[in-house]
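Here are my notes for you to read with the model open. Have a look at the picture before you start on the points.

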Amino acid sequence: MEKFQFGFEPITCHSWNKDRTQIAVSLNSPEVKIFQKNGAKYDCIHTLSEHTQRVTSIDWGANSNRIVTSGTDRNAYVWTLNGNNQWKPTLVILRINRAATCVKWSPQGNNAMDWKICLQFS
């Protein structure tokens, strides 16, 4: 078993890439940080920062290498890695009046709409 520290804030959510060499982590904030394994440590290589409130869920599509995030700002984003090694966000209009608490790719995950979202009701 290995132990790593990604910061001092609590980890709200995380998701691994297909080969588990990278991890997307939200540290109780509107940002998602992507860390890559480098020997015995992880280095932050990207920061995804479109959400305006806390990110509540992340899922990294194993087949598509895309990331979907949702948050308390009632938005979801599908993130695609472009040819310049930059993550490009696509806003998904959810039309909900509650925070989105969980988002997951379908097992196929082959197109931008192959994911499901759960809502928080209070």
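1. One term before we start: contact means heavy atoms within 4.5 Å. Keep in mind too that this is a predicted model. Now find Trp-87 and skip its neighbours within four places in sequence: it is in contact with Ile-34, His-46, Leu-48, Trp-60, Asn-65, Arg-66, Ile-67, Trp-79, Thr-80 and Leu-81.

2. Trp-87 also belongs to the largest nonpolar core, which has 12 residues. Among the others there are Cys-13, Ala-24, Val-55, Ile-58 and Tyr-77. Which strands supply at least two residues each? Those are strand 3 (32-38), strand 5 (55-60) and strand 7 (76-81). Strand 5 gives the most, with 3 residues.

3. Next, the open sheet: its 4 strands come in the order 5-6-7-8, and the pairing is antiparallel. Strand 5 and strand 8 (87-92) are at the edges with a single partner strand each, so one side of each has no neighbour in the sheet. On average, neighbouring strands here are turned by 20° against each other, ignoring direction.

4. Zoom in on strand 6 (residues 67-71) and strand 7: they run antiparallel and are joined by 4 bridges.

5. Finally, the cysteines. The disulfide count comes to 0. Cys-44 is partly exposed, at 39% relative accessible area, and Cys-102 is partly exposed too, at 27%.

Conventions: Residues are numbered from 1 along each chain as its sequence is written. This is a predicted model: local features need pLDDT of at least 70, side-chain atom pairs count only at pLDDT 80 or more; totals for chains, interfaces and linings use all residues. Side-chain values use heavy atoms; hydrogens and water are left out. A nonpolar core is a set of buried Ala, Val, Leu, Ile, Met, Phe, Trp, Tyr and Cys residues joined through side-chain atoms within 4.5 Å. Buried means under 20% relative accessible area, exposed over 50%, partly exposed in between (1.4 Å probe, protein chains only). A disulfide is a pair of cysteine sulfur atoms within 2.5 Å. Two strands pair if DSSP finds at least two bridges between them. Axes are lines fitted to C-alpha atoms, for helices over the stretch in contact, and angles run from 0 to 180 degrees between N-to-C directions.
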